[in-house]
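Please examine the structure shown below with this briefing at hand.

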Amino acid sequence: MSLFDKFQPLIDIRGELEGVGVMPFGAVTEKLLSPTEAIVNGQRVILAGTNNYLGLTFEPECIQAGQQALAEQGTGTTGSRMANGTFAAHVALEQELAAFFAKQQCIVFSTGYAATMGMAATLAGPGDVIVLDADSHASLYDGVRLSGAEVVRFKHNDAADLEKRLRRLGARTANTLIIVEGMYSMLGDQAPLADIAALKKHYGGLLLVDEAHSLGMLGEHGRGVAEAAGVEEDVDFTVGTFSKSLGAIGGYCVSNHAELAAIRFAIRSYIFTASPSPSVIASTRVALRLMQERPELRTRLWDNARRLYDGLQALGFKVSPQASPVVAVTIEDRDRAIACWSQLLHRGAYVNLVMPPASPSTDSLLRCSVSAAHSHEQIDRIIEAFAGLDTEHTAAAN
Ligand code: PMP
């Protein structure tokens, strides 16, 4: 027995992939040509597996703001928000996010992971209960595990199952935290937030929604699934990230609960990590403004999303349950999925390969995501790459 024994399955898979010359995990982007094109693993490809939903990563205004902050404030803060790492721009971004979400409180974190994990770990504790959607992101699961609360999972997007579990809790719902996502990262499907919010109101407790994949995408102002469903008042905490539609890195939590001002100093992923660099905060602030000033980005994103979804569906692929900027193609057989991923790369499309346990079922996924920056021609080229796939061929060679 050794500490390494438990890693054997992982070591085996890595060896297997290396043996057939495929590197799907940690594929190396050798050169970025634009927000939508790059050289990956030596291949010139269209990027169809980023979370660059609004395509803002190369926005000149964002870059200029980042460069100016870098020149004026240096490369890093060298400290946590609680110690020396709170600069005026961190506070300004918190105020801008609070105004955008029309909430009173906001905390900015160093990563989306720190935000979602930290809030899930802190709000409920020993003696409390967390009821979470079974398909929740790993960061939420990690937080929940750290919280010390009793954890109850309900069936993905199944409000009736959530109700059953809340009913069973009886009076304990008063100190229960319900956790769901807005749009789910793997299949792009949306939570039935109107039903979930109604249940929270009826049974009590607090509701936290991770809108990492829906910021800038849904709702009249782009505030996410809760806004689109008209239930923002019933969401107690909204968490999310700057690493997708805002094209940077960092995370946030917004709320109308005044207690958040004090709770911030109980969140270990806020206290014990360095705050985001000034350049990151500067580009994020501009991206947040551009997201609001340019609703056409959202229109283009959804236009591209529908084009890809319809195109892949027309080819007969098993696609996500609903059209969204995340379009996942289910491939039941893991080896076939690996082979398809490799073929796609060679045919000029880089997508995400998702295998169990990262995928929500025992199936594997070829997860595509679209950007407002994709042209129609690029979307069509992604579809063409899929059209030529040899889905029957299981060898991982090209
Ligand atoms: N929540 C969800 C639903 C996510 O998909 C992610 C990132 N994949 C995170 C949180 C963490 O965000 P980040 O990668 O910006 O740390």
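In this predicted model, helix α2 passes helix α11 in a right-handed crossing. Helix α2 covers residues 60-73 and helix α11 covers residues 278-293. The points below begin with this pair, continue with two further helix pairs, and then turn to the ligand and to particular backbone positions.

**Helices α2 and α11**

- Two packed helices are described by the angle between their axes and the distance between those axes.
- For α2 and α11, the axes come within 7 Å and cross at roughly 150°.
- Because angles over 145 degrees count as roughly antiparallel, α2 is roughly antiparallel to α11.
- On the α2 side, the contact is formed by Glu61, Cys62, Ala65, Gly66, Ala69, Leu70 and Gln73.
- On the α11 side, the partners are Pro278, Ser279, Ala282, Ser283, Val286, Ala287, Arg289 and Leu290.
- Sorted by class, the residues of this contact between α2 and α11 comprise nine nonpolar, four polar and two charged.

**Helices α3 and α11**

- Helix α3 spans residues 88-101, and its axis comes within 10 Å of the axis of α11, with a crossing angle of roughly 20°.
- Because angles under 35 degrees count as roughly parallel, α3 and α11 are roughly parallel to each other.
- The crossing of α3 and α11 is left-handed.
- From α3, the residues that make the contact are Ala89, His90, Ala92, Leu93, Glu96, Leu97 and Phe100.
- From α11, they are Ile281, Thr284, Arg285, Leu288, Met291 and Gln292.
- The contact of α3 with α11 contains eight nonpolar, three polar and two charged residues.

**Helices α4 and α5**

- Helix α4 consists of residues 112-123 and helix α5 of residues 138-147.
- The axes of α4 and α5 come within 7 Å and cross at roughly 35°, and this crossing is right-handed.
- In α4, the residues in contact are Tyr113, Thr116, Met117, Ala120 and Ala121.
- These meet Ser139, Leu140, Asp142, Gly143, Val144, Leu146 and Ser147 in α5.
- By class, the contact of α4 with α5 is made up of seven nonpolar residues, four polar residues and one charged residue.

**The ligand and its surroundings**

- Which residues are the closest to the ligand? Among the 14 residues that surround the ligand, the closest are Tyr113, Asp210, His213, Thr241 and Ser243.
- Tyr113, which also takes part in the contact of α4 with α5, has a polar backbone atom 2.7 Å from an oxygen atom of the ligand.
- Asp210 places an N or O atom of its side chain 2.6 Å from a nitrogen atom of the ligand.
- Thr241 has a polar side-chain atom that lies 2.5 Å from an oxygen atom of the ligand.

- Pro356 and Pro357 are joined by a cis peptide bond, with omega about 10°.
- Pro357 belongs to the loop between strands β13 (352-354) and β14 (364-369).
- Asn41 is not a glycine, yet this residue has a positive phi of about 50°.
- The position of Asn41 is in the loop between β2 (37-40) and β3 (43-47).
- Thr78 is not a glycine either, and its phi is positive, at about 55°.
- Thr78 is located in the loop between α2 and α3.

Note on methods. Residues numbered from 1 in each chain as written. Predicted model: local features only at pLDDT ≥ 70, side-chain atom pairs only at ≥ 80, totals over all residues. Heavy atoms only, no water. Axes fitted to C-alpha atoms, helices over the stretch in contact; angles between N-to-C directions. Helix = DSSP H or I, 4+ residues; strand = E, 2+ residues; numbered from the N terminus. Parallel < 35°, antiparallel > 145°, perpendicular 65-115°, else oblique. Left-handed = near helix turned anticlockwise from the far one by under 90°. Contact = heavy atoms within 4.5 Å. Nonpolar A, V, L, I, M, F, W, Y, C, P; charged D, E, K, R; others polar. Near = heavy atom within 4 Å. Polar contact = N/O pair within 3.5 Å; in protein donor to acceptor, adjacent residues only side chain to side chain.
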